[in-house]
Amino acid sequence: MPTFYWFDSCGDYYGSSHMAQGIWTSVTAPFSVSSGSGRGGSNSIRCTDNGPNVVKTITAVGTVCVGFAFKFTTLSGNLPNFCLFQNSGTNHVYLHLKSSGDIEVFRGDNVLLGTTSGVTMLINTYYHIQAKVVIHDTTGSVVVKINDVEVLNLTNVDTKNGSTTTVDRIVLGFPSGGGNGAETVDLDDVYIADDFGGDLRVGCFFPDGAGNSTQFTPSAGSNFQNVDEASPNDDTDYNSSATVGHKDLFTMQNLPTGAIPKAVGLRFRGKKTDAGARSVATSLRHGTTDVQGDAYVLTESHTYSPLQLYNTNPVTAGGWTEADVNALQTGYEVTA
């Protein structure tokens, strides 16, 4: 089982204006959250050439795997580099789309490392792309899978460009210089991990009832009803507290029947409304045990907390099951 560093469902809980508010590290327009354009009718992040891209920074690692669902509208002209493995903005490795529908893999100094053969991806069709890269100047490697089938395996190649041997940024979309102005790409179900996670879905689930603790003051109605929006309405309705230790917990929507969860991530959106520091953490309840996440320092503007990621059940220390996830209560707690 891989260790996930980060994942995102691509617009299922935020709009275009929210993407750089704690979810993605940076975004470059023109992009949008496209309603109903994701796999299975979910939302997607839509990049329209030239130049749009989304960036996620991670703790620097020498081996990294990125997976994402990918749909494009044309296979003509100057096609884009669409997935880049970087360190501080310097490309180590990048993937380039050919007019044949194959994928080329380049080192960051534009040296071709390898090309898939006979893949023939089609326009207006979702494909799930996974690429695992090991950075090294002699024993580097790149493995590419499409729809969970290996299509390229490069070993003992020079994947190092520059002085570092680690990746700390993943860039998806159309970085500056790629594309002919005609392409549109939809992105969905993005993950970053240490190994292949498979052709997975990143689901987004919302509160559907009160949990074990309801200590914040609602602006209206019930607490869970103020935090169940698929796209945030911020100050329209909300829950608030100035008391350290106050906690809200909520029951959550169930997974699809038969789902095999690989990891769970929590985040909230909030702001402070008075002078002085204020911190809030995610809270997770399994059975009778509450688990507090890392404290997040709020600002005077609405932002999302970093993803609190659990690769295993923090209470049982075992892998996640459908029953575990369906029984979870999640929420937030004032820590300072």
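## Before we start

A salt bridge here is a side-chain nitrogen of Lys or Arg within 4 Å of a carboxyl oxygen of Asp or Glu. The model is predicted, so local features need pLDDT of at least 70 and side-chain atom pairs count only at pLDDT 80 or more, while totals for chains, interfaces and linings use all residues. Residues are numbered from 1 along each chain as its sequence is written, and side-chain values use heavy atoms, with hydrogens and water left out.

## A buried lysine without a partner

Let us begin with Lys56, found in strand β5 (residues 53–61); strands are DSSP runs of E, at least two residues long, numbered from the N terminus. Lys56 is buried but has no salt bridge. Buried means under 20% relative accessible area, exposed over 50%, and partly exposed in between (1.4 Å probe, protein chains only). The nearest side chain of opposite charge is Asp8, 8.6 Å away; for charge, Lys and Arg count as positive and Asp and Glu as negative, with His and the chain ends not counted.

What does lie by the side chain of Lys56? One of its polar atoms is 3.1 Å from the backbone oxygen of Ile23. Beyond neighbours within four places in sequence, Lys56 is in contact (heavy atoms within 4.5 Å) with residues including Trp6, Trp24 and Asp168.

## An open sheet and its strand β26

Now to a sheet: 5 strands form it, open and antiparallel, in the order β16-β19-β26-β22-β23. Two strands pair if DSSP finds at least two bridges between them. At the edges, β16 (207–214) and β23 (289–297) each pair on one side only.

Strand β26 (residues 329–334) is joined to β22 (residues 279–286) by 6 bridges and to β19 (residues 247–252) by 5. Thr330 of β26 is the bridge partner of Leu284 and also of Phe250. In a regular strand the side chains alternate between the two faces of the sheet. On β26 both faces are covered: Gln329, Gly331 and Glu333 are buried on one side, and Thr330, Tyr332 and Val334 on the other.

## Salt bridges across the sequence

The model has 13 salt bridges. One of them joins Lys247 and Glu333 at 3.9 Å, N to O. Lys247 sits in β19 and Glu333 in β26, so this pair ties together parts 86 residues apart in sequence. Both Lys247 and Glu333 are buried.

Arg46 and Asp186 form another, with their closest N and O atoms 2.9 Å apart. This pair links strand β4 to strand β15, 140 residues apart. Arg46 is partly exposed at 25% relative accessible area, whereas Asp186 is buried at 3%.

Key:
Helices (H or I, at least four residues) and strands (E, at least two) are DSSP runs, numbered from the N terminus. A polar contact is a pair of N or O atoms within 3.5 Å; within protein, one must be able to donate a hydrogen and the other to accept it, and residues adjacent in sequence count only if both atoms are side-chain atoms.
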